[in-house]
Amino acid sequence: ESCVLIGIMASLRGFNLAKLSQIRVVFSSFDNRISSAREFLRRVSAHKMSESNPKCRVTTDIKDDLSNPFIEVTFSDGSTLHFDAVKSTALQMVAQINIKARTL
């Protein structure tokens with residue numbers, strides 16, 4: 001378990017938006033299951049993160065229908081990753097994005 005945590009933390013340290021073109025975060029403000037989506041949004045909206053790729057568009061769609069929160073990431077090559085923010089933590093999403101970004 002600690003090895004997994006160390007790997008995730010290493011991914012977080014190397015995370016940037018360099019190979020991403022768009023990030024879409026969707027959640028309902030009335031839903032109590034949005035902690036991962038909000039944490040992910042907080043991380044990608046940080047000033048240092050946005051400086052890593054000023055052209056990466058980060059959009060937030062706030063719904064009022066209690067649908068599952070999700071994150072959709074589009075890479076510079078047009079490929080996408082879709083995350084169910086109820087089932088994935090912000091750190092897990094970052095790790096998966098880093099794995100995909102390294103292949104580009």
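Contact here means heavy atoms within 4.5 Å. With that in hand, here are some close-up views of this predicted model.

**View 1. Threonine 74 and the residues it touches.** Threonine 74 has its place in strand β3. Leaving out residues up to four places away in sequence, Threonine 74 touches Leu20, Ser21, Gln22, Ser79 and Thr80. Its relative accessible area is 16%, and since buried means under 20%, threonine 74 counts as buried.

**View 2. An open sheet of four strands.** The strands follow the order β2-β1-β3-β4, and their pairing is mixed. At the edges stand β2 and β4 (80–84), each with a single partner strand, so one side of each has no neighbour in the sheet. From one strand to the next, the twist averages 10°. Take a look at β1 and β2 as well: these two run parallel and are joined by seven bridges.

**View 3. Isoleucine 23 and its surroundings.** The bridge partner of isoleucine 23 in β2 is valine 58. Setting aside neighbours within four places in sequence, isoleucine 23 is in contact with Leu17, Phe40, Val44, Cys56, Arg57, Val58, Thr59, Ile71 and Glu72.

**View 4. The largest nonpolar core.** This core has 23 residues, and Ile23, Val25, Phe40, Ile71, Val73 and Ile97 are those with the most contacts inside it. At least two core residues come from each of β1 (20–28), α2 (35–45), β3 (70–75) and α4 (90–102).

**View 5. Two helices lying across strands.** Helix α2 lies across β1, β2 and β3, and runs at about 145° to β1. Helix α4 lies across β1, β3 and β4, and runs at about 165° to β4.

**View 6. Serine 52 in the loop between α3 and β2.** Serine 52 is found in the loop between α3 (47–51) and β2, where it is partly exposed, with a relative accessible area of 28%. Its side chain reaches the backbone oxygen of methionine 49 at 2.5 Å. Not counting residues up to four places away in sequence, serine 52 touches Asn16, Leu17 and Ala18. Although serine 52 and leucine 17 are 35 residues apart along the chain, their C-alpha atoms are separated by 5.6 Å.

**View 7. Leucine 66 and its backbone angle.** Leucine 66 lies in the loop between β2 (57–63) and β3. Check the backbone here: leucine 66 has a positive phi of about 60°, although it is not a glycine. Leucine 66 is partly exposed, with a relative accessible area of 49%.

Methods:
Residues numbered from 1 in each chain as written. Predicted model: local features only at pLDDT ≥ 70, side-chain atom pairs only at ≥ 80, totals over all residues. Heavy atoms only, no water. Core = buried A, V, L, I, M, F, W, Y, C linked by side-chain atoms within 4.5 Å. Buried < 20%, exposed > 50% of the residue type's maximum accessible area, 1.4 Å probe, protein only. Polar contact = N/O pair within 3.5 Å; in protein donor to acceptor, adjacent residues only side chain to side chain. Pairing = 2+ DSSP bridges. Axes fitted to C-alpha atoms, helices over the stretch in contact; angles between N-to-C directions.
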